[in-house]
Amino acid sequence: MRTRTIALIAPFDDKGNVLLLKRDSNQHCGGLWSFPGGKIESGETPKSAAKRELMEETGLTGSDWKLLGMHDFEYPDRKLSFLLFTCSCDKLDSLACESEHAWLTLDNLLELPMPEANVELLNMLYTESNN
Ligand SMILES: Nc1nc2c([nH]c(=O)n2[C@@H]2O[C@H](COP(=O)(O)OP(=O)(O)OP(=O)(O)O)[C@@H](O)[C@H]2O)c(=O)[nH]1
């Protein structure tokens, strides 16, 4: 099975809340809450893919981009390799999400149902916030 590389973004507002999007029921991991992101297209760097995905899915332009880490995960039907970025978002009036969305504190993130792969991604965020 070919591994797909996925750029994910944890966008922070100025109060330390993170933006999550609810996945459509017809998508993989449908109905679960997940970070904005998607496949890195050929010719893109991970960071340019992250910026494009954030703009496409939320209308936001982030700043202070940082690559937090990598995480490989295998679902029964696909192998994924995630690159998790964080960024800051201040111009929130440009927020335009097609899907349901929520800004949550790191502690409240755990209350939403998320894809299995995200357990490790959340650990990366918690580790970073404790540094
Ligand atoms: N955007 C996003 N995708 C996630 C997260 N966690 C997680 O396991 N995924 C999985 O990572 C993949 C994202 O790739 P994609 O954006 O190209 O996938 P997609 O939903 O369009 O699926 P498709 O191309 O099979 O139709 C999906 O399989 C999705 O279920 C997450 O936090 N955010």
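In the class counts used below, Ala, Val, Leu, Ile, Met, Phe, Trp, Tyr, Cys and Pro are nonpolar, Asp, Glu, Lys and Arg are charged, and the others, Gly among them, are polar. On that basis, the shell around the ligand has seven nonpolar, six polar and two charged residues. The model is predicted. UniProt, in an unreviewed entry, lists residues 1-126 as "domain: Nudix hydrolase".

**Overall fold**

- The chain has three helices and seven strands.
- Their order along the sequence is β-β-β-β-α-β-β-β-α-α.
- The radius of gyration is 14 Å, close to the 14 Å that the globule rule gives for 131 residues, so the chain is as compact as a globular protein of that length.
- Along the principal axes, the C-alpha atoms fill a box of roughly 40 × 35 × 35 Å.
- Of the 131 residues, 27% count as buried.
- Take the contacts between residues at least 6 apart in sequence: 69% of them join residues at least 24 apart.

**Ligand shell**

- The ligand is surrounded by 15 residues.
- The closest are Cys-29, Ser-34, Gly-38, Pro-115 and Ala-117.
- Three strands each supply at least two shell residues: β1 (3-12), β4 (37-39) and β6 (78-88).
- Which element gives the most to the shell? It is β4, with three residues.

**Strand pairing**

- Strand β5 (residues 63-75) and β6 run antiparallel and are joined by 10 bridges.
- These two strands, β5 and β6, form a hairpin, with two residues between them.
- Strand β2 (residues 18-22) pairs with β7 over four bridges, in the antiparallel sense. Leu-19 has Trp-103 of β7 as its bridge partner.
- β2 is also joined to strand β3 (residues 33-34), by two bridges, and the two run antiparallel. Here Leu-21 is bridged to Ser-34 in β3. Ser-34 is also one of the residues closest to the ligand.

**Buried positions**

- Ala-50 sits in helix α1. It counts as buried because it has 28 C-beta neighbours inside 10 Å, and the cut-off is 20 or more.
- Beyond its neighbours within four places in sequence, Ala-50 is in contact with Ala-7, Ile-9, Gly-37 and Phe-85.
- Ala-50 and Glu-111 are 61 residues apart in sequence, and their C-alpha atoms are 25 Å apart.
- Cys-89 lies in the loop between β6 and β7 (101-104). With 23 C-beta neighbours inside 10 Å, Cys-89 is buried.
- Setting aside neighbours within four places in sequence, Cys-89 is in contact with Pro-11, Phe-12, Asp-13, Leu-60 and Gly-62.
- Cys-89 and His-71 are 18 residues apart in sequence; C-alpha to C-alpha, they are 24 Å apart.

**Exposed and partly exposed positions**

- Is Glu-41 buried or exposed? Glu-41 counts as exposed because it has 11 C-beta neighbours inside 10 Å, and the cut-off is 12 or fewer.
- Glu-41 is in the loop between β4 and α1 (46-58).
- From Glu-41 to Leu-54 is 13 residues in sequence and 14 Å in space, C-alpha to C-alpha.
- Cys-29, in the loop between β2 and β3, is partly exposed, with 16 other C-beta atoms within 10 Å.
- Asp-64, in strand β5, is exposed, with 10 C-beta neighbours inside 10 Å.

**Backbone checks**

- Most residues other than glycine have a negative phi.
- Cys-29 has a positive phi of about 60°, although it is not a glycine. Cys-29 is also among the residues closest to the ligand.
- Asp-64 is not a glycine either, and its phi is positive at about 50°.

Definitions and conventions. Residues numbered from 1 in each chain as written. Predicted model: local features only at pLDDT ≥ 70, side-chain atom pairs only at ≥ 80, totals over all residues. UniProt positions renumbered as here; feature names shortened; annotations may be inferred. Near = placed C-beta within 6 Å. Rg over C-alpha atoms; globule rule 2.2 N^0.38 Å. Contact = placed C-beta atoms within 7 Å. Pairing = 2+ DSSP bridges.
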